[in-house]
Structure formats: structure tokens, C-alpha cells
Amino acid sequence: MKKESYIVYLGEHSHGPDVTESDLQRVTDSHTQLLTSFLGSPQKAKESIIYSYNTNINGFAAVLEEEEATEIAKRPDVVSVLLNQGRQLHTTHSWDFLMLETDGVVHPSSLWEKARYGEDTIIATLDTGVWPESKSFSENGMGPIPSKWKGICQFEGNNTHLCNKKLIGARYFNKGYAAYAGPLKASFETTRDTAGHGTHTLSTAAGNFVPGANVFGVGNGTAKGGSPKARAATYKVCWPPINGSECFDADIMKAFDVAIGDGVDVLSVSLGGNAVDYLKDGIAIASFHAVKKGVVVVASAGNLGPLEKSVTNAAPWIITVGASSIDRQIEANVELKNGSVLKGTSLSKPLPEKKDYPLISAVYARAANASADDAILCKPNTLDPEKVRGKIVVCLMGENNRMEKGIEAARAGATGMILCNDFISQDEVFADPHFLPATHLTYKNGDAVFAYVNKTKNPQGYITPPQAVLNTKPAPLVADFSARGPNGITPLILKPDITAPGVNIIAAYSEGASATSSDFDNRTTPFNLLSGTSMSCPHVSGVVGLLKTLYPKWSPAAIRSAIMTTGQIWPNRAMDPGLVYDLTVNDYLDFLCGIGYNQTALRQFSGSSYYDCPKNYSVLNFNNPSITVPNLSAGRSVTVMRKLKNVGQPATYTSSVKLSGFEVTVEPNTLKFDKIGEEKVFKLIIKANKTETGYRFGEVVWSDNSHHVRSPIVVLSSEE
């Protein structure tokens, strides 16, 4: 009978503040006893258990047969049994390396100075680990490590000295991965990053100031994280991919369990998988326990956009982050001899001379044994060196990866490469560090190049050296790859919550990884370019770190609201939001009641013997900073309630609403706050026109002329 690894989730612990090792051991023993009752032998139970979650999360991971897992799930004290699901990192592709201005997303102001760039905050990532020698993790300018920190430093050979007053902790968890992959080599016993992803995300969130940062000489500036003086920690839960999976729930949940006990303030999670019910989602479960202890969890939305219902990490207690572009591009343009200048992007080295070079379409440069279809894509061994040598070859996107196309062009002796998008790729271009001078063009620009080459007797052109161009418009725009709603688990909760820079991001990189993460590339770089919601997530985590330092008593929900209601990540406004939509643990439990969770699940989430669900509760009234009505019949109306808390000076706020095709009333339309912490309730009455169908988007804004507290509104209206 085939065995797989499962997570048996039992809820939470009721440990007091002075928990001892013996207390934790008693929990571990209880897990062994529970499993023994099914397997019949304490020895078998001990051998089967991978992890005991004994600190904050209550449960264990074990290798079981499917029938055994099914029987265990029937126990009344078992909330759920989860398959040890594999997940992916949220970079767009292993070859997609793009760039963001290294000067970061924040600028000094009196509030930022008061926040001291997040100095009191501990920000941790769950990722591929860290390159501790990176200058982004220098302890220069850092004070003593906060006394609340209880973490440790795990590197190869017990090199604990690799941690310092900046990088204060590093741990790895690989038993869930090993249960899937088989026995692991000794090289897995470290938090050192050999992929680059973890170093990139951690430095984006909490990297120290590094003057003169650049990627292959491009984008020079001072690198810093969103909270440059925050303490950084990492929990390595992601490893080399196996069948597309890199990070497993058993390891992720153990990392959460430990991190909460270690004393982290912010957990940045740039990974995810398919959206599933919260009780089957290890990240959702673990995040609930973190938020319950005051830890803010920020997670990436995923990279399956623009597909609908592609958003992941959609639990309402998580800050779910989409990716958007910035007003900075890396340009390497094509100048044709006919005078046309076509914009492109690249990070490759420049051509050896500033002159026009012969151009050739890859289809005309094909080798004798290659098909035209393969040659135009510049697949391996499809180009004839006699036809290509000394020329710029024009290749088409599709099928094989972009870097591989450049490798083939270089092998055949090309001086350079112009990579042209196909119809499917359209405007999505990437600044890759190609192995030869190259650039990447949109479909429209690429079509113009092919037309010129195919119709000109002696086509010639030049690729300009890569350079950073600032203040490009339009920006910001949601990235094509950024995952979309509607929320497939709970349509009443709008996700993602916010977008942040996720295209063209410069950050620190592992010098134990190649520049392109490919076997045929031996180049290393201390800073690199990545794109994905993996990159936008730590931008928000950095802003959260600043808010935690400035407002240590704010709940995770208040911080989430401050970020959501002040716009596409806008740190200066989030520091002074005026009003917030706050939530308590009981609000989340009411939400779980509203979506139909039974008492077994609620009892374990709540940590009490019984949770009294409110009567006539509607999830429509869950105090989310956004408002979603997923099914409103034409001609019908719905009433939505929300509660605002004043976190600023006494003021009177007036509402304004935009929602085309609907009659919308706000009651009351003014709210007067006399003190900090005061709360006021309002109703939003939405009536659909009889002819109105489909999705409509709008907003309700509360303003005192100084603050503008914006909540997006999404309504799906259907025929009656």
C-alpha cells in the first residue's frame, strides 16, 4: 500500500508564557500516543512522525497509508488531515530577471524618522534561505538584538557567527520535502541560499543600505529594503524542485510554529499553491495561529494571471499581494538602418562597436538538418554558423526558454540577438542577462523587425547598450502574470488585497547561484533582477515592519487596513490612514461560522471547548476593508455593514460613493470621531438596476479633507 506524508491538525495549544521543554515534550508524547492507537505500536508511531507541532500549532506530520489518514480524520478531536502539499515559489519563471529602482519605495519624512526605519521589528521570510555574506545583511549601524528574540542560527558546520545584529536568525526545515524526495544529502543541512530567491526577498523586505548596488553595471544606486533597519531572519522551507514542487506544507507549518515562538513580528511568504479550503491549506491554518499571536502575515497572490480565480493565499487574515510595474525600464533599443528605433529591454553586455551590423532572420540561418519552425525559435543546434557568424540573428519567442535561444545564437557565432515576441506574448518583455549582446522586443516591434529583415536586400541594425530609463509611463500597471480574483474559496472576500512593485526588482542575490539559475551559466552577481508576486510580497512586508515599529499595539487587521485603504502600496499614507477597519480573532471565528465551519473546527481554532456562533450572521458584514457582493439579482438590493475605528486626531468624515449602474446609499453619510480608538458603524445599501448584469467596480471613500479612506466595491449582478 502506497504511503504518503500527511498533516494531522489538532488546533492550538494553551501553553502559558513560561512554557518549558518538558511541556513541549508532553505534547510530542501525546501525538505519539494518538498515532499509536491507530498503528498499534509506539515504535511504528515514532518512526512515522516527521514533525510534532508542539509550540503554537497543535498537530503532527506523519507518513501514513491513505486508509490510516482517513480513519484518523474521523476522530472528534482532529480538526482535519491534510496531504503534505507541494508548493511553488512565486517568481514568474526561472529565467525572468527584471528590475526595480534600487532606491526603494520609501522616502524620509517625520513619520519615517519616528519609525526609525523599522529598527524594533523582526521580519522573517519563509523561502530558500539566505546568503549571509551579502552586504544587505551587514550589521553596520545596528543596535543590540531585541531581547524578545529566541531564534537560532543554522548554517553548515554550525557557523553561527554568520548571523549578526542584522541577520539575527536562520533555520531550515526539510523533513516534509524529504518525505517526498527520499533521503537527503548533507548539503541540505543548512539555511544557505543556493537559488537566490530567498536572499532577494529577505533583502527587499529588510535589507540594510548598500551604496553602489547594480546588476552587471546597470541600475546603479543605493539598495535598501522596505524596513532597512529591521532585524532579518529566514526559515528555509524551499528546496530544489521535484515535479514542480519546492516547498511542502509539513515544513511550512513547522517553520510557522517555530517562528511564532522565536518572536518574529512579520512573516513574509513568497510562495503558494492551488487555492483550497482553509482547513486543507497549511499556510492558511498556520497564518491564523500567527495572526492570533499578533504576527502579521504577508503572502504573494501567485503568478497565474491573467487567468480568473487564480489568486492563492486568499484567507482574510493574510495580506495578499499582487504585482504591479514601476516607472523605470531597462532599455536596449534596436536602431534599424532605415531610421526606425524600436524599444527593447535587456541586461546583456553591449555590442563590441557602435556601428550597424548585418541582420538575419533565424529562419534563413537554419542548419541543413533543422526545420524552419525550429530554427525561427533558435532551438539548440538549429542555426548554421556559416550563415550566422558576425551577424545579429532575429529569433522568435516560444517553446524553448529565452536564455537557451541566446545560447544557440552565441554557439553559432552570432554577434548579437534580437528576440521578438510571438502573438501570444504581446507586450511582456524581460531584461535578461543574455550570453551575447541582445534585446527583447514586444510583438508589434518584433513584427516590424521581421518585416524589415524579410523585405530589405542588405538589412542592418544596432542594439543600444542597456540603460536605466526613469519616469516611464504608464505606471504602475498590474503585471500580466499577477494572479486575479474572484476569490475561488470565499467569493465574498476580495483578493488580492493590494498590489506592490513586482516587475523589474533589484535586490541582493546569492553568490552560490548562477545569474540565471541555469546549469549552463557560471556567472554570479551580488544583486540580481527578479519579477513575480514573490517580489511584491516583501515590499509590503517592509512597509508592515515600519508600521509595527510606529504602532506596536495595532492589530494585524489594522495594519492590513491602513495599507489597503490608502492605495497601491503608498507607505507615507499608510503611516497616517486616519481610520481603519479593525478585526479581532472573534471576528475571524464569526467569519468561519458564516462560511459553514462546524463546532469541531471552530473549537480548535478558538482554543475553547465551544464557540458560540452569532445568530443570523452574514459574511457580507465581515469587517473587511473591501466590499464584495458576488450575486445581486437585477432590481434587488442588499445592505452591507462596516465599522471604522479612528486612529488619528478627532475629525468628521464624509462619504462619497462611485458605482456605475447601481443606486448606492450610505447611512449615515457623515461620521464624527471625538477621540482615538472610537468606532462608528455605517451601512451601504446597494440596489441593482433591472438592466444591469455582470461585474461592476467602484469605491466608497471616507474623507476629512486630510485623509482619504478608500474601500473598493465589487458587485456581480445577474438577471432576476
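Asp-265 sits in the loop that joins α7 to β13 (266–269); helices (H or I, at least four residues) and strands (E, at least two) are DSSP runs, numbered from the N terminus. This is a predicted model, in which local features need pLDDT of at least 70 and side-chain atom pairs count only at pLDDT 80 or more, while totals for chains, interfaces and linings use all residues. Residues are numbered from 1 along each chain as its sequence is written, and side-chain values use heavy atoms, with hydrogens and water left out.

Q: Why is Asp-265 called buried?
A: Its relative accessible area is 11%. Buried means under 20%, exposed over 50% and partly exposed in between (1.4 Å probe, protein chains only), so Asp-265 counts as buried.

Q: Which residues is Asp-265 in contact with, leaving aside its neighbours within four places in sequence?
A: They are Asp-120, Thr-121, Ile-122, Lys-148, Gly-294, Val-295, Val-296 and Lys-548. Contact here means heavy atoms within 4.5 Å.

Q: What makes α7 and α8 roughly parallel?
A: Helix α8 (residues 282–292) packs against α7 at an angle of about 5°, and their axes are 9 Å apart. Axes are lines fitted to C-alpha atoms, for helices over the stretch in contact, and angles run from 0 to 180 degrees between N-to-C directions. Under 35 degrees counts as roughly parallel, over 145 as roughly antiparallel, 65 to 115 as roughly perpendicular and the rest as oblique, so these two helices are roughly parallel to each other. Among the residues that meet are Ile-252 and Phe-256 in α7, with Ile-285 and His-289 in α8.

Q: What makes a set of residues a nonpolar core?
A: The set must be buried Ala, Val, Leu, Ile, Met, Phe, Trp, Tyr and Cys residues joined through side-chain atoms within 4.5 Å. The largest such core has 63 residues, of which Tyr-235, Phe-256, Val-264, Leu-271, Trp-317 and Leu-592 touch the most other members. Helix α7 (residues 249–262) gives the most to this core, with eight residues. Another core, of 37 residues, lies apart from it and includes Val-130 and Ile-559.

Q: How do you know that β37 and β38 pair?
A: Two strands pair if DSSP finds at least two bridges between them. Strand β37 (residues 694–703) and strand β38 (residues 708–718) have 10 bridges, in the antiparallel sense, so they qualify as a pair.

Q: Why do β31 and β35 count as edge strands?
A: The open sheet runs β31-β38-β37-β33-β35, with mixed pairing. β31 (627–633) and β35 (670–673) each have a single partner strand, so one side of each is left without a neighbour in the sheet. From one strand to the next, the twist averages 20°.

Q: What makes β11 and β12 a pair?
A: Strand β11 (residues 238–242) and strand β12 (residues 245–248) are joined antiparallel over two bridges, so they meet the requirement of at least two. They form a hairpin with two residues between them, and Asn-243 in the turn has a positive phi of about 50°.
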